[in-house]
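Thanks, everyone. Let me put the model on the screen, and then we'll walk through a few residues.

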Amino acid sequence: MISEEQLNQYRLSGEKVRVVRDELEMNDVIGIVVAWDDSSVVVRRPNRRVVKLSRIYSIALATEERPAPYTAT
């Protein structure tokens with residue numbers, strides 16, 4: 001799970017992040033971090049819609065290499 005400090009850094013910088021939900025790259029959510037709580041994060045997509053996602057997913061800057069998706073063990 002991503003830390004509060006990292007999410008705050010992404011929000012303040014306004015950089016786009018990539019949320020990897022599964023193996024398919026077309027299912028990734030790319031946008032700007034808007035808000036979060038203990039279990040979820042809200043991302044604003046380029047079309048101005050917001051998506052509420054679980055914090056267990058892999059989150060990284062969109063400019064970086066695509067991280068591996070979260071796998072339940």
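Start with Leu7. Leu7 sits in helix H1, which covers residues 4–13. Keep in mind that this is a predicted model. Is Leu7 buried or exposed? Its relative accessibility is 0%, so Leu7 counts as buried; the cut-off for buried is under 20%.

What does Leu7 touch, leaving aside neighbours within four places in sequence? The list is Ile2, Val33, Trp36, Val41 and Arg55. Take Val41 from that list. Leu7 and Val41 are 34 residues apart in sequence. In space, their C-alpha atoms are 8.6 Å apart.

Next, Arg18. Arg18 belongs to strand E1, residues 16–20. Arg18 has 11% relative accessibility, so this arginine also counts as buried. Which side chain does the Arg18 side chain meet in a polar contact? That partner is Asp28, at 3.1 Å.

Arg18 has other contacts too. Again, I'm skipping neighbours within four places in sequence. Glu25, Asp28, Val29 and Ile30 are among them. So is a run from Ser58 through Ile59, Ala60 and Leu61 to Ala62. Arg66 and Pro67 are also in contact with Arg18.

Ile56 is in the loop between strand E4, 50–54, and strand E5, 58–61. Its relative accessible area is 37%, so Ile56 is partly exposed.

Conventions
Residues are numbered from 1 along each chain as its sequence is written. This is a predicted model: local features need pLDDT of at least 70, side-chain atom pairs count only at pLDDT 80 or more; totals for chains, interfaces and linings use all residues. Side-chain values use heavy atoms; hydrogens and water are left out. Helices (H or I, at least four residues) and strands (E, at least two) are DSSP runs, numbered from the N terminus. Buried means under 20% relative accessible area, exposed over 50%, partly exposed in between (1.4 Å probe, protein chains only). Contact means heavy atoms within 4.5 Å. A polar contact is a pair of N or O atoms within 3.5 Å; within protein, one must be able to donate a hydrogen and the other to accept it, and residues adjacent in sequence count only if both atoms are side-chain atoms.
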